[in-house]
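Here is a friendly walk through one protein model, meant for someone who is meeting it for the first time. Have a look at the sequence and the fold, and then read on.

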Amino acid sequence: MSPPSPPAEHPTAFPAPERWRLSVAPMMGWTDRHCRYLHRLLSRRTLLYTEMLTTGALIHGNAAQHLQFNPEEHPVALQLGGSEPSDLARCAVMGQERGYDEINLNCGCPSERVLRGAFGACLMNEAPLVADCVKAMVDAVDIPVTVKHRIGIDKIESYDFAADFVGTVAEAGCRVFIVHARNAWLKGLSPKENREIPPLRYDIVYRLKREFPHLTIAINGGVRTSDEIAEHLKHVDGVMVGREAYHNPWLMIDWDERFYGEAPGVQDREAVEAAMVAYMERAHAADGAPWYSVASHMLGLRNGLRGARKWRQVWSDHRLKPQPPRAVWALAQTHGVRDADDLAQATAA
């Protein structure tokens with residue numbers, strides 16, 4: 001398919017491509033509101049994504065709870081999983097009413113659960129259906145509707161497959177595509193293996209940007225350093241970082257300065273940890289969120305530093321769950337593993 005003409009202007013002004021210059025990937029079980037709060041402390045400009053929420057969970061479940069986020073998280077995008085245009089439009093409206101800055105459609109997850117539900121990566125085989133889904137959402141909301149997808153399915157490795165998908169969906173009004181530069185193997189590989197075994201083919205994503213210059217194209221997959229981000233940005237509009245941002249969140253500390261020309265919001269890890277403790281207290285007061293569900297997301301904050309292992313041991317010690325977070329923080333500050341043992345034993349007694 002030849003690249004389509006630029007889509008007609010949306011009634012609401014569309015954000016500049018720099019909105020998608022840097023983002024943290026939606027990751028199931030990881031990028032909840034507590035994780036996103038941590039990431040926002042480290043970068044004011046990076047775009048944050050929710051975990052994928054299915055249309056069924058929002059329509060038939062507790063939508064208010066599922067859609068909850070902290071106002072500090074902006075800009076924050078809601079990722080949806082589904083394949084029924086009317087359901088997706090309904091959920092997109094929910095997201096807009098809740099205050100999200102973007103609706104993203106998942107066309108990249110290869111797990112068996114999404115395959116059974118007929119959404120995720122298998123939708124790349126049904127570009128016209130994805131186009132219908134996008135159009136339904138674009139017509140329903142005034143915020144950007146974007147798509148995250150792979151470069152191919154199973155053994156389909158031609159550029160034309162990815163280009164046909166992007167071209168078809170772009171005609172429905174999508175202007176932003178986040179492209180995981182691996183194929184999705186729908187059978188024979190686990191989700192974890194799908195993140196590692198299919199080879200990375202960055203050239204496919206670079207070519208998409210060259211041949212669809214009016215679209216915003218962001219790349220995802222295997223990015224581990226800020227230097228790699230800088231290299232990708234020579235070819236595409238944006239870079240989405242996944243597991244590395246979660247396991248090594250301090251990676252994000254120089255992103256605002258290096259990629260946006262702005263001073264970082266915090267200067268050291270101690271300030272981030274203190275802010276997270278205050279957040280733990282607020283979250284618990286607001287809705288009973290336990291401090292340890294928050295702390296689990298910051299265990300990589302001191303990666304590479306002396307004493308990091310003992311610091312993680314304190315924050316992840318299940319015996320300390322009855323203690324207030326400031327007591328645990330005090331132990332962690334001194335890497336007080338022995339003191340943590342004593343406190344846990346005293347609590348048990």
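In which loop is Asp-154 found? Asp-154 sits in the loop between strand E6 (145-153) and H7; helices (H or I, at least four residues) and strands (E, at least two) are DSSP runs, numbered from the N terminus. Before going further, keep in mind that this is a predicted model, where local features need pLDDT of at least 70, side-chain atom pairs count only at pLDDT 80 or more, and totals for chains, interfaces and linings use all residues. Residues are numbered from 1 along each chain as its sequence is written, and side-chain values use heavy atoms, with hydrogens and water left out.

**Two backbone details**

Back to Asp-154: its phi is positive, about 50°, although Asp-154 is not a glycine. With a relative accessible area of 30%, Asp-154 is partly exposed. On that scale, buried means under 20% relative accessible area, exposed means over 50%, and partly exposed is in between (1.4 Å probe, protein chains only).

Another backbone detail is the cis peptide bond that joins His-74 and Pro-75, with omega at about -5°. Pro-75 belongs to the loop between H3 and E4.

**Rings that meet**

Now for the aromatic side chains. A pair of aromatic rings is described by how far apart the centres are and by the angle of the planes. Here, rings of Phe, Tyr and Trp (its six-membered ring) pair if their centres lie within 6.5 Å; planes under 30 degrees apart count as stacked, over 60 as edge-to-face and the rest as tilted. Searching the whole structure turns up five aromatic pairs. One of them is Tyr-37 with Tyr-279: the ring centres are 4.1 Å apart and the planes are at 10°, so this pair is stacked. It links distant parts of the chain, with Tyr-37 in helix H1 (residues 33-42) and Tyr-279 in helix H13 (residues 269-287), 242 residues apart. Tyr-37 counts as buried at 8% relative accessibility, and Tyr-279 counts as buried at 2%.

Phe-69 and Tyr-100 form a tilted aromatic pair, 4.5 Å centre to centre with 45° between the planes. Phe-69 lies in the loop between helix H3 (63-66) and strand E4 (76-81), and Tyr-100 in the loop between helix H4 (85-98) and strand E5 (102-107), so the pair ties together parts that are 31 residues apart in sequence. Phe-69 is buried, and Tyr-100 is too.

There is also a cluster, in which ring pairs link Trp-291, Tyr-292 and Trp-315. Tyr-292 has a charged neighbour as well: Lys-321 lies over its face, 4.6 Å from the ring centre. Elsewhere, the charged end of Arg-19 sits over the ring of Trp-20, at 5.8 Å from its centre. A charge sits over a ring if NZ of Lys or CZ of Arg is within 6 Å of the ring centre and within 35 degrees of the ring normal.

**Helices side by side**

| Helix pair | Axis distance | Angle |
|---|---|---|
| H15 (residues 308-315) and H16 (residues 325-333) | within 9 Å | roughly 160° |
| H6 (residues 127-140) and H7 (residues 159-170) | 8 Å | about 30° |

Axes are lines fitted to C-alpha atoms, for helices over the stretch in contact, and angles run from 0 to 180 degrees between N-to-C directions. Angles under 35 degrees count as roughly parallel, over 145 as roughly antiparallel, 65 to 115 as roughly perpendicular and the rest as oblique. H6 and H7 are therefore roughly parallel to each other. The crossing of H6 and H7 is right-handed, and the crossing of H15 and H16 is right-handed.

Where is Met-252 placed? Met-252 is in the loop between helix H11 (243-247) and helix H12 (255-260), and at 0% relative accessibility it counts as buried. Met-252 and Thr-46 are 206 residues apart in sequence, with 8.6 Å from C-alpha to C-alpha.

Ala-275 is part of helix H13 and counts as partly exposed at 22% relative accessibility.

Definitions and conventions
A crossing is left-handed if the near helix is turned anticlockwise from the far one by less than a right angle, and right-handed if clockwise.
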